[in-house]
Amino acid sequence: MRPLLVFVMLAFTICTSSQTLDYYLPNTVTYDASVPTPKSVIYHEVGEWHVTHDRLVNYMKALDAASDRMTMQVTGLTYEGRPQVALIVTSPKNHQRLEQIRQQHVQLADANNSSSLDVNNMPIVVWMGYSIHGNESSGSNAALLTAYHLAAAQGKDIDALLDNTVIILDPSFNPDGLNRFATWANMHKSKTMVADPNAREFNEAWPGGRFNHYWFDLNRDWLPAQHVESQNRLKLFHDWKPNILTDHHEQGSNATFFFQPGVPSRVNPNTPALNQKLTAAIGTYHARYLDSVGSLYFTKEGYDDFYYGKGSTFPDIHGAIGILFEQASSRGHAQETANGILTFPFTIKNQFVTSLSTLEAARNLRKEMLNYQRDFYKDVKSEAESFPVKAYVFGDEKDQSKTNVFLDILLRQQIKVYALKENTNADGKAFKANSAYVIPTNQPQFKLIKTIFEKTSEYKDSLFYDVTAWTMPLAFGLPYAELKSAGSLGAQVSAISKTAEKVSGGMSNYGYLLRWNELLAPRVLYTLQSKGIQPRVATQQFSMNINGKTEAFDYGTVFISAIQPGKSAAEVFHTLQQAISGTGIDVIAVNTGMASGGIDLGSGSFSAVKLPSVMMFGGNGTTATDVGEIWHLMDQRFNIPVSIVDVERFGAIDPSRYNVIIMPSGNYRGLDKPAQDKLKSWIGGGGTLIATEDATRWLSQNGFTKVIFRTDPEKKDTTLTLPYYLRSDEQRAKDMTGSIFEAKMDLSHPICYGYSQPTVSVFKSNTMFMDKNNGYYDAPVVLTDNPLQSGYLFRGHRNLVKNNAVINIDQVGSGRVISMVDNLNFRAFWLGTAKLFINAVYFGNIIRL
């Protein structure tokens with residue numbers, strides 16, 4: 001390690017005394033003095049400070065104004081209103097026919113017409129993306145250098161590159177996170193450099209800058225695209241269909257530099273073998289460039305290409321090459337590491353160097369890359385034609401809003417979807433023409449369709465960097481089936497047509513019924529409650545005579561009386577119309593309280609529904625992504641406000657203003673004994689405490705619940721001898737990075753209100769196996785006898801997972817503790833189980849054990 005130490009110490013000496021462009025730029029290139037340097041716009045040298053997003057954008061604007069090689073596009077705004085920008089970089093003559101180039105390039109994905117395309121003179125399209133994790137900021141700071149180089153470099157090499165390449169330079173995949181981290185790092189920088197890893201500069205306050213506004217990892221959102229940043233980016237991706245996409249990250253400070261290929265045995269089988277060969281070919285350029293500056297690196301270990309929701313893997317299923325870069329992180333400006341002092345400028349230089357190596361590879365491998373993309377889609381066509389499944393049908397007539405969210409994902413990914421033309425029965429399920437859709441598999445996005453719908457259970461490896469299954473109709477809880485024939489298709493769906501909401505029957509002087517099956521029913525209910533309406537929920541089934549027909553109403557149906565304190569029937573009706581606006585939900589007017597079957601509307605089996613006043617633990621001791629997922633669900637889906645309170649602060653507040661407290665996954669070390677006693681007292685007084693994942697274990701260990709966790713009974717084979725290098729792999733093979741399991745539900749239980757099918761698919765990414773509590777009604781959701789539906793499961797866990805409780809409920813005084821051992825709100829698209837969570841919020845207090 002000594003040579004690297006000497007190199008890095010040298011870099012430290014140079015960079016802390018002088019951080020001019022000479023340190024970064026190749027000394028064989030001359031630059032146009034009329035092009036503004038980064039310092040002239042951002043007011044500091046690159047690497048002297050962490051660039052804030054506003055200054056980064058200002059520099060891109062300056063280059064756009066100064067150079068005829070580039071134009072800047074604003075692709076959209078983040079949650080916090082920051083612009084997402086992209087520079088389109090190519091030669092001036094290419095800019096004059098840019099739309100023609102784009103249209104010709106995307107024809108490579110049209111297998112029926114691509115053969116006639118002349119790739120000999122076609123530019124390659126390269127997307128260069130930086131810092132999707134905001135606190136891995138060497139990428140975005142390197143984007144300043146890459147943009148300057150592309151705008152100002154002179155000579156035949158840059159001319160040849162730009163003549164043959166269209167570059168989409170995305171300087172910040174995650175503007176909100178980048179700005180959050182830059183502020184943190186800069187506010188703690190000393191004039192006299194401090195490199196102590198214990199210093200505050202290197203240890204961000206929760207939640208850190210990695211995530212977006214809602215604390216999501218955007219590098220897992222390329223496929224589901226549930227966030228505005230991903231949605232904005234995807235449109236440009238599909239507009240251009242790049243041949244290469246780079247994804248610049250950082251890793252632990254004691255590492256070196258990683259570039260792909262990753263672990264060969266962990267490549268998704270839907271990715272062609274040639275993809276990895278081309279990735280390796282590009283890798284030789286990275287190696288040569290990094291060798292030239294004396295940087296250490298590694299490849300083919302640690303990282304993989306399995307989950308298509310990551311930025312470096314998503315291109316692989318679009319006939320492109322995704323490239324992950326992982327630079328050891330300084331996390332501030334200069335930090336002591338196992339390899340010596342690691343400076344921020346040094347990390348930026350490596351990211352810039354590999355940006356240049358990517359561009360040289362693209363230039364030299366241009367024809368191979370273009371032919372690969374064309375052949376990829378031709379092979380896709382052949383595979384689709386021989387694939388036994390000719391179409392998938394899906395849809396839920398009882399929850400159109402949830403169906404629309406799934407439909408939105410498909411359309412964003414340019415998947416062709418058609419309305420179901422006539423009623424169809426398949427796989428024992430009935431699909432209706434007015435509420436179901438068909439996806440033919442014979443289309444350019446066949447491979448993406450396949451990975452969205454397929455179930456997997458066999459793997460070459462037992463170690464994974466991310467999830468092992470993401471079967472989306474299971475995630476959404478949508479009925480779906482395979483079809484052996486695409487059949488007769490209805491009209492192609494080009495956009496989601498929102499169903500017009502209405503009050504069936506018009507204004508009533510008696511009341512209205514709101515079915516709980518729709519995804520957005522909680523939004524309607526909260527809006528009504530916030531306007532002073534006092535609803536009641538049915539704990540039994542019943543039927544009513546509606547317009548001469550008998551209609552059945554299930555558990556969880558909400559009754560809104562037209563007689564409300566201080567409101568006329570007309571005012572109640574107007575409030576109801578406002579509440580359902582934009583949801584597509586129908587509410588049914590009734591003119592009598594007498595049911596035609598089951599309970600009447602005035603029955604004691606209708607329970608009052610309290611307006612949720614929700615607090616959620618956050619801060620140190622909680623998992624930011626879990627907190628963010630719940631926050632996003634409540635805020636974006638349901639418009640329900642949530643007060644996020646730091647764990648350490650709970651002892652100082654009065655929790656009596658809340659009737660629901662949420663404990664997301666975490667260790668809760670900051671909840672001391674007095675705070676624990678306060679929490680127990682609050683529950684005993686009638687509060688509902690909802691805990692997820694690790695928080696369920698903490699509650700059990702600290703005497704809040706009766707929950708017991710199963711342990712692994714497997715005995716080690718003492719006769720087996722393994723080599724030492726497999727020590728960590730053996731343990732990691734037992735991990736559950738993300739698999740899908742079937743659970744059965746008690747549909748009459750308040751936790752399960754709104755479901756019509758007796759089973760639900762649960763996403764599990766932990767090895768916590770929760771026994772059912774002893775009471776008959778304590779565990780309303782339990783895994784089945786053979787629960788694995790898709791994903792990797794360690795053989796020693798197969799018996800442990802059977803009949804596991806997904807949810808346990810404990811009574812504490814007059815209150816309830818609801819333990820949810822899994823993440824029911826995973827990455828904002830696991831909507832199939834999100835209703836279980838919101839039911840705990842709304843109906844936890846009416847559960848009787």
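Helices (H or I, at least four residues) and strands (E, at least two) are DSSP runs, numbered from the N terminus. The model on display is predicted: local features need pLDDT of at least 70, side-chain atom pairs count only at pLDDT 80 or more, and totals for chains, interfaces and linings use all residues. Residues are numbered from 1 along each chain as its sequence is written, and side-chain values use heavy atoms, with hydrogens and water left out.

**Backbone features**

Select Lys241, in the loop between H9 and strand S7 (244-251). Its phi is near 50 degrees, a positive value in a residue other than glycine. Most residues other than glycine have a negative phi, and most peptide bonds are trans.

Next, select Trp206 and Pro207, which are joined by a cis peptide bond with omega of about 5 degrees. Pro207 is placed in the loop between helix H8 (175-187) and helix H9 (228-240). Continue to Gln260 and Pro261, where a cis peptide bond has omega of about 20 degrees; Pro261 belongs to the loop between strand S8 (257-259) and H10.

**A salt bridge**

Display the side chains of Glu360 and Arg288. They form a salt bridge, with the closest N and O atoms 3.1 Å apart (a side-chain nitrogen of Lys or Arg within 4 Å of a carboxyl oxygen of Asp or Glu). Glu360 lies in helix H11 (residues 344-364) and Arg288 in helix H10 (residues 273-292), so the pair ties together parts that are 72 residues apart in sequence. The structure holds 28 salt bridges.

**Helix packing**

Select helix H16 (residues 521-530) and helix H17 (residues 569-580), whose axes come within 8 Å and cross at roughly 140 degrees. Axes are lines fitted to C-alpha atoms, for helices over the stretch in contact, and angles run from 0 to 180 degrees between N-to-C directions. H16 is therefore oblique to H17 (angles under 35 degrees count as roughly parallel, over 145 as roughly antiparallel, 65 to 115 as roughly perpendicular and the rest as oblique). Val524, Thr527 and Leu528 in H16 meet Thr575, Leu576, Ala579 and Ile580 in H17, contact meaning heavy atoms within 4.5 Å.

Then select helix H18 (residues 624-637) and helix H22 (residues 831-843), which pack at an angle of about 85 degrees with their axes 12 Å apart. This makes H18 roughly perpendicular to H22. On the H18 side, Ile630, Leu633, Met634 and Arg637 meet Leu831, Ala834, Phe837, Ile838 and Val841 in H22.
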